[in-house]
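Below are my comments on the model you sent, as numbered points. Please read them with the coordinates open.

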Amino acid sequence: MYFEEPAAELPPIEQLLAWPWPEWVTAPLNDGVEVFALPPRLIRALADATSVELEELADRWTARLRSADGDEMTDDDLLAVLQTVSRLAASAVTTGGGLYSWSF
């Protein structure tokens, strides 16, 4: 959504709930474990993103986290995370594979 509608804020909840994602591979279980497939459109956007686009995306992501969490935001290097995921997306596109997110 940040590629299509660049903003630091999340869209309205109604818009988020209307989107056809995530596509669950394993729906959230009682212990909080879940796996979902990233949409092909997002994989392609990440694979095709330039370094400038990834920097801008990281800035918007950081701004949203700071507005939600204040100074308690993550210490992770969000640009480095996006660059790594972009490389994984490029590999997925090249091989015809997908990208999945697992959370615990």
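1. Thr 26 has Val 35 of β2 as the residue opposite. In this predicted model, β1 and β2, the latter made of residues 34–37, are paired in the antiparallel sense through three bridges. A further pair to look up is Trp 24, whose bridge partner in β2 is Phe 36.

2. Phe 36 also has a counterpart in β3, where Ser 101 stands opposite. The strands β2 and β3 run antiparallel and are joined by four bridges. Phe 36 can therefore be followed in both directions, since β1 (23–26) and β3 (100–103) each have a single partner strand, with Phe 36 bridged to Trp 24 and opposite Ser 101.

3. The sheet as a whole is open and has three strands in the order β1-β2-β3, with antiparallel pairing.

4. On the overall layout, the protein chain holds four helices and three strands. Read from the N terminus, the order of elements is α-β-β-α-α-α-β. Of its 104 residues, 24% count as buried.

5. Which residues make up the largest nonpolar core? There are 11: Leu 38, Ile 43, Leu 46, Ala 49, Leu 54, Leu 57, Ala 58, Leu 82, Ala 89, Ala 92 and Leu 99. Two or more residues of this core come from each of α2 (40–48), α3 (51–69) and α4 (78–95). As background, nonpolar side chains in soluble globular proteins tend to be buried together.

6. Helix α4 has 18 residues, and the distance from its first C-alpha to its last is 26 Å, close to the 26 Å expected at 1.5 Å a residue. The buried residues in α4 are Leu 78, Leu 82, Ser 86, Ala 89 and Ala 92. They lie on the same side of α4 because the arc they cover around the axis is only 120 degrees. Leu 82, Ala 89 and Ala 92 are also listed in the largest nonpolar core. On the other side of α4, Arg 87, Thr 94 and Thr 95 are exposed. The residue after α4 is Gly 96, with a positive phi near 75 degrees.

7. How many salt bridges does a search of the whole structure find? The search finds one. Asp 48 and Arg 44 form a salt bridge in which the closest N and O atoms are 3.8 Å apart; for a reader checking the criterion, the cut-off is 4 Å. Both residues lie in helix α2, four residues apart, or about one turn of the helix. In general, an α-helix has 3.6 residues a turn, so residues three or four places apart point the same way. Is Asp 48 buried or partly exposed? Asp 48 is partly exposed, at a relative accessible area of 49%, and Arg 44 is partly exposed too, at 43%.

8. Pro 40 is also placed in helix α2. Its relative accessibility is 66%, so Pro 40 counts as exposed, the cut-off for that class being over 50%. Along the chain, Pro 40 and Ala 92 are 52 residues apart, while their C-alpha atoms are separated by 9.7 Å. Ala 92, by contrast, is among the buried residues of α4.

9. Ser 51, in helix α3, is 32 residues from Gln 83 in sequence and 7.9 Å from it in space, C-alpha to C-alpha. Glu 55, also in helix α3, is 28 residues from Gln 83 in sequence and 8.9 Å from it in space, C-alpha to C-alpha. Ser 51 counts as partly exposed because its relative accessibility is 47%. Glu 55 falls in that class as well, with a relative accessibility of 40%.

Methods: Residues are numbered from 1 along each chain as its sequence is written. This is a predicted model: local features need pLDDT of at least 70, side-chain atom pairs count only at pLDDT 80 or more; totals for chains, interfaces and linings use all residues. Side-chain values use heavy atoms; hydrogens and water are left out. A nonpolar core is a set of buried Ala, Val, Leu, Ile, Met, Phe, Trp, Tyr and Cys residues joined through side-chain atoms within 4.5 Å. Buried means under 20% relative accessible area, exposed over 50%, partly exposed in between (1.4 Å probe, protein chains only). The expected span of a helix is 1.5 Å times one less than its number of residues. The arc is that of the directions from the helix axis to the C-beta atoms. Two strands pair if DSSP finds at least two bridges between them. A salt bridge is a side-chain nitrogen of Lys or Arg within 4 Å of a carboxyl oxygen of Asp or Glu.
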